[in-house]
Amino acid sequence: MRVVIVTESFPPDVNGVAHCALQTARHLVDRGHSPLVVAPATPAGPGPDALAPCPVVRVPSLPLPGYPQVRVALPSRRVTAAVAEHRADLVHLASPFILGVRGMAAAARLGLPAVAVYQTDLGGYARTYMGVGEAAAWRRIRSVHAAADLTLAPSSAALRDLEEHGVPRVKLWPRGVDTVRFRPGHRDGALRRALAPHGELLVGYVGRLAPEKHVDLLAGVCGLPGVKVVVVGDGPSEPHLTEALPGAAFLGRRTGDELARIFASLDVFVHTGPFETFCQTVQEAMASGVPVVAPAAGGPLDLVAHGRTGLLVPPHDASAVRDAVRALAADPARRAAYGAAARDTVEGRTWAAIGDRLIEHYADVLGARRPAVAA
């Protein structure tokens, strides 16, 4: 099978859309298929062609406003040429919005099926950044995804949102996790002593530091006795958060095995953003054997089993976040049980298993496009 994967943003170490796109490409190669990635160009450092396991077409891009580490692709005629030259059987559109529309048009022009993967709550972003525009964002989402042969939603909440807003032909396709890289065995005593020299409980957040993530909800946790808050990531909210979270350790952006050591060295992981269509960092914390506190909204509803692998709290509720962490801080046995159950829960959610499910979706779409054979 020859697949063109069009990803709207890059790079993968700070962007979940690109991370998922490259994991998909790797799995397709492992299964003997031929992917091609179309991704935004990066101005410096390794480009997508250095990170992908397959050929890459790079298109012009701009930095995301307020967060220049992420590049967003501009509309490009190169997409149609790339699809045609690759002799694609199918076009995979990762969070289509601008470049993905060109990919959709290319698929239609060449008579190819398109699978669109919904990954970004643009309606929630419109509310956060502009206070208006949510309805317009959903009109755009509906228009783009209605043109696809199939839309894949990463969580039950995202699937419901899409269907309630009139998007047809939606199925569930979650995300995988690297259970080899993220595992409890990476817990690092030296790192823990450096971050918590007095034996404090380590409570961590990992992710983008941006308004829609509401990381300032950790302010109450910073005031708990015997607790040290660790923040991993960067973004436009960092200057505000260094003031809003007194005493927190800001480690900046970390990736790879270094990030895995940080995850495994935490005692509790907290995610605060209410607009997650999936929430990969929750799953990476679970794979690391760490109990999770997360909002009862969006993707975490599928990931966190309340009272078994962590605690779900009302969105936007700083007191509930603080109280959940305080309860876990007071009960080491409960933390250990939640962490062990979290690891057990994600054991079967490898990228290989999730990738095979995606290939089944591809096969269904291709099968539906084939002309029926007369009896």
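Residues are numbered from 1 along each chain as its sequence is written, and side-chain values use heavy atoms, with hydrogens and water left out. Because the model is predicted, local features need pLDDT of at least 70 and side-chain atom pairs count only at pLDDT 80 or more, while totals for chains, interfaces and linings use all residues.

I begin with the helices. Helix α1 (residues 16–30) packs with helix α16 (residues 351–369) at an angle of about 80 degrees, the axes being 10 Å apart. The two are therefore roughly perpendicular (65 to 115 degrees). In this contact (heavy atoms within 4.5 Å), α1 contributes His 19, Cys 20, Gln 23, Thr 24, His 27 and Leu 28, and the residues from α16 include Trp 351, Leu 358 and Tyr 362. By class, seven residues of the contact are nonpolar, five polar and one charged.

The largest cavity has a volume of about 40 Å³.

Finally, the whole structure holds 11 salt bridges (a side-chain nitrogen of Lys or Arg within 4 Å of a carboxyl oxygen of Asp or Glu). One of them joins Arg 253 and Asp 234, at 3.7 Å from N to O. Arg 253 lies in the loop between β13 (249–252) and α11 (256–265), and Asp 234 in the loop between β12 (227–232) and α10 (238–244), so the pair ties together parts 19 residues apart in sequence.

Terms used: Axes fitted to C-alpha atoms, helices over the stretch in contact; angles between N-to-C directions. Helix = DSSP H or I, 4+ residues; strand = E, 2+ residues; numbered from the N terminus. Parallel < 35°, antiparallel > 145°, perpendicular 65-115°, else oblique. Nonpolar A, V, L, I, M, F, W, Y, C, P; charged D, E, K, R; others polar. 1 Å grid on protein atoms, 1.4 Å probe; cavity = no way out; pocket = protein on both sides within 12 Å on 5 of 7 lines; lining within 4 Å. Points joined across faces, edges and corners; volume = space filled by probe spheres on them.
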